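Work through the following exercises with the structure in view, and try each task before reading its solution.

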Amino acid sequence: MPDDIATAKHELRADLVGRRDALSETARRDAGVSLATHVGGAPVPTGPGVTICAYVSVGTEPPTGPLIAALADTGARVLLPISLPGPPAPLEWAAFDGPQSLASGRFGLLEPTGERLGPTAVRDADLVLVPALAVDVRGFRLGRGAGFYDRSLVDVRGVVTAVVYDDEVLPSVPGDTHDVSMTWALTPAGGFRRLDR
């Protein structure tokens with residue numbers, strides 16, 4: 001990655017993390033509740049026979065607990081990621097079977113404890129929800145920088161959606177050739193929004 005792009009990403013990450021840190025617990029909790037209300041507006045139908053890859057939020061990310069529960073309530077098969085030891089690599093996936101099926105994994109993230117389905121399970125998902133610090137209107141996503149999702153989303157056929165706060169859909173995000181584009185954004189107030197790839 002060129003130095004200027006790496007520097008721009010680093011500076012933008014620092015700004016966005018600072019803004020998230022300033023959010024109140026109430027604002028974060030309300031954002032999580034709002035995300036769940038948009039399940040009916042998803043760009044793919046949800047329900048039995050549909051596979052959705054999601055993730056359990058951590059820290060100041062938009063809370064995904066209510067969203068995961070709402071997706072599971074439709075009868076959809078919800079898969080959650082597992083991060084393997086070692087350097088960044090494609091994520092493993094396993095089915096969500098209720099909050100009791102989660103345990104603390106790498107980086108302190110809650111991960112499913114059921115049968116591992118391998119890193120290719122995400123390729124057949126109808127909808128993939130991806131954590132992000134920001135996404136721009138062209139679909140460029142800014143993540144934390146480790147590259148787990150860029151490695152995992154290669155050859156994904158489903159609708160790839162960045163989950164961010166409303167003010168994190170930006171006019172422009174610095175991107176590079178290895179960055180996997182998002183096709184949609186999901187925000188608490190705006191719901192699902194198509195991005196122009």
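## Exercises on strand pairing

**Exercise 1.** Find how many residues the hairpin passes through between β11 and β12, and describe how these strands pair.

*Solution.* The hairpin joins β11 to β12 through three residues, where strands are DSSP runs of E with at least two residues, numbered from the N terminus. The model is predicted, so that local features need pLDDT of at least 70 and side-chain atom pairs count only at pLDDT 80 or more, while totals for chains, interfaces and linings use all residues. Residues are numbered from 1 along each chain as its sequence is written, and side-chain values use heavy atoms, with hydrogens and water left out. Next, β11 and β12 (residues 191-194) run antiparallel and are joined by four bridges; two strands count as paired if DSSP finds at least two bridges between them. Within this pairing, L186 stands opposite F192 in β12.

**Exercise 2.** Determine which way the side chains of β11 point, and which residue of β11 is the bridge partner of V163.

*Solution.* In a regular strand the side chains alternate between the two faces of the sheet. In β11 (residues 184-187), W184 and L186 point one way, A185 and T187 point the other way, and all are buried, meaning under 20% relative accessible area with a 1.4 Å probe and protein chains only. Strand β9 (residues 159-163) runs parallel to β11 and is joined to β11 by three bridges, and the partner of V163 is L186.

How values were computed. Buried < 20%, exposed > 50% of the residue type's maximum accessible area, 1.4 Å probe, protein only.
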